[in-house]
Amino acid sequence: PQYGIRPTCVLPLDEGGQMCPDSAFLRRLNAGDDTGGPTRYTSIASRTDGIVPVASSRLDGGACLVTDRGVTHRELLTDGRVYRQVAYALRGRCPPAVG
């Protein structure tokens, strides 16, 4: 989650605490352009993730932002529809949303 998630704020830094929205790590990461250079960026998030809110998955700038439904946090790693979205992105196209 590019912009962090609040529940991680109670964790030690080396066990996920660096993902606290107010952490020094995320302040440094987000200090510049989220999508700098010639690389094309795609962020795939799910409204039904259950762990990472869509707002924390965004990339400001020139990113392709895809918001799915019906895909859990774990399924983002295993769902065939998400794999097809990744394939779209690797071909330089903004993939359609799922669900």
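Q: Which pattern of helices and strands does the protein chain follow when read along the sequence?
A: In this predicted model, the protein chain holds 2 helices and 2 strands. Taken in the order of the sequence, these elements give the pattern α-β-β-α.

Q: What are the spans of the C-alpha trace of the protein chain along its principal axes?
A: The protein chain has 99 residues. Along the principal axes, the C-alpha trace of this chain spans about 35 × 30 × 20 Å.

Q: What percentage of the residues in the protein chain is buried?
A: A residue counts as buried when its relative accessible area is under 20%. Ser46, at 1%, is one of the buried residues. Of the 99 residues in the protein chain, the buried share is 32%.

Q: What share of the contacts with a separation of 6 or more joins residues 24 or more positions apart?
A: Heavy atoms within 4.5 Å count as a contact. Among the contacts of the protein chain with a separation of 6 or more, residues 24 or more positions apart account for 42%.

Q: How far apart are the mean positions of the positive and negative charges of the protein chain?
A: The protein chain carries 12 positive and 10 negative charges.

Q: Which residue caps the N-terminal end of helix α2?
A: Helix α2 covers residues 80-90. A side-chain oxygen of the capping residue lies 2.7 Å from the backbone nitrogen of Arg81. The residue that supplies this oxygen is Asp79.

Q: Is Asp79 buried or exposed?
A: The side chain of Asp79 also meets that of Arg81 in a salt bridge, at 2.8 Å from N to O. Arg81 is partly exposed, with 32% relative accessibility. The relative accessible area of Asp79 is 12%, and because the limit for burial is under 20%, Asp79 counts as buried.

Q: Which residue with a positive phi follows α2?
A: The phi of this residue is near 85 degrees. The residue that follows α2 with this positive value is Gly92.

Q: Which residue forms a salt bridge with Arg6?
A: A search of the whole structure finds 3 salt bridges. In the one formed by Arg6, the closest N and O atoms are 3.0 Å apart. The pair links distant parts of the chain, 16 residues apart, with both residues in the segment before α1 (24-29). The partner, which is partly exposed at 48% relative accessibility, is Asp22.

Q: How far apart are the closest N and O atoms in the salt bridge of Arg58 with Asp60?
A: Arg58 is partly exposed, with a relative accessible area of 31%. Asp60 is likewise partly exposed, at 35% relative accessibility. In the salt bridge between Arg58 and Asp60, the closest N and O atoms are apart by 3.1 Å.

Q: With which side chain does the side chain of Ser46 make a polar contact?
A: Ser46 lies in strand β1, which covers residues 42-46. Leaving aside its neighbours within four places in sequence, Ser46 is in contact with residues including Val52, Asp68 and Leu76. The polar contact of its side chain, at 3.1 Å, is with the side chain of Thr48.

Q: Is Asn30 buried or exposed?
A: Asn30 is found in the loop between α1 and β1. Leaving aside its neighbours within four places in sequence, Asn30 is in contact with Gln2 and Tyr3. Its relative accessibility is 18%, and because burial requires a value under 20%, Asn30 counts as buried.

Q: What distance separates the C-alpha atoms of Arg93 and Pro7?
A: Arg93 has its place in the segment after α2 and is partly exposed, with a relative accessible area of 41%. Along the chain, Arg93 and Pro7 are 86 residues apart. Their C-alpha atoms are separated by 33 Å.

Q: What distance separates the C-alpha atoms of Arg27 and Val10?
A: Arg27 is in helix α1, and at 52% relative accessibility it counts as exposed. Arg27 and Val10 are 17 residues apart along the chain. The separation of their C-alpha atoms is 17 Å.

Definitions and conventions: Residues are numbered from 1 along each chain as its sequence is written. This is a predicted model: local features need pLDDT of at least 70, side-chain atom pairs count only at pLDDT 80 or more; totals for chains, interfaces and linings use all residues. Side-chain values use heavy atoms; hydrogens and water are left out. Helices (H or I, at least four residues) and strands (E, at least two) are DSSP runs, numbered from the N terminus. Buried means under 20% relative accessible area, exposed over 50%, partly exposed in between (1.4 Å probe, protein chains only). Lys and Arg count as positive and Asp and Glu as negative; His and the chain ends are not counted. The place of a charge is taken as NZ of Lys, CZ of Arg, CG of Asp or CD of Glu. A polar contact is a pair of N or O atoms within 3.5 Å; within protein, one must be able to donate a hydrogen and the other to accept it, and residues adjacent in sequence count only if both atoms are side-chain atoms. A salt bridge is a side-chain nitrogen of Lys or Arg within 4 Å of a carboxyl oxygen of Asp or Glu.
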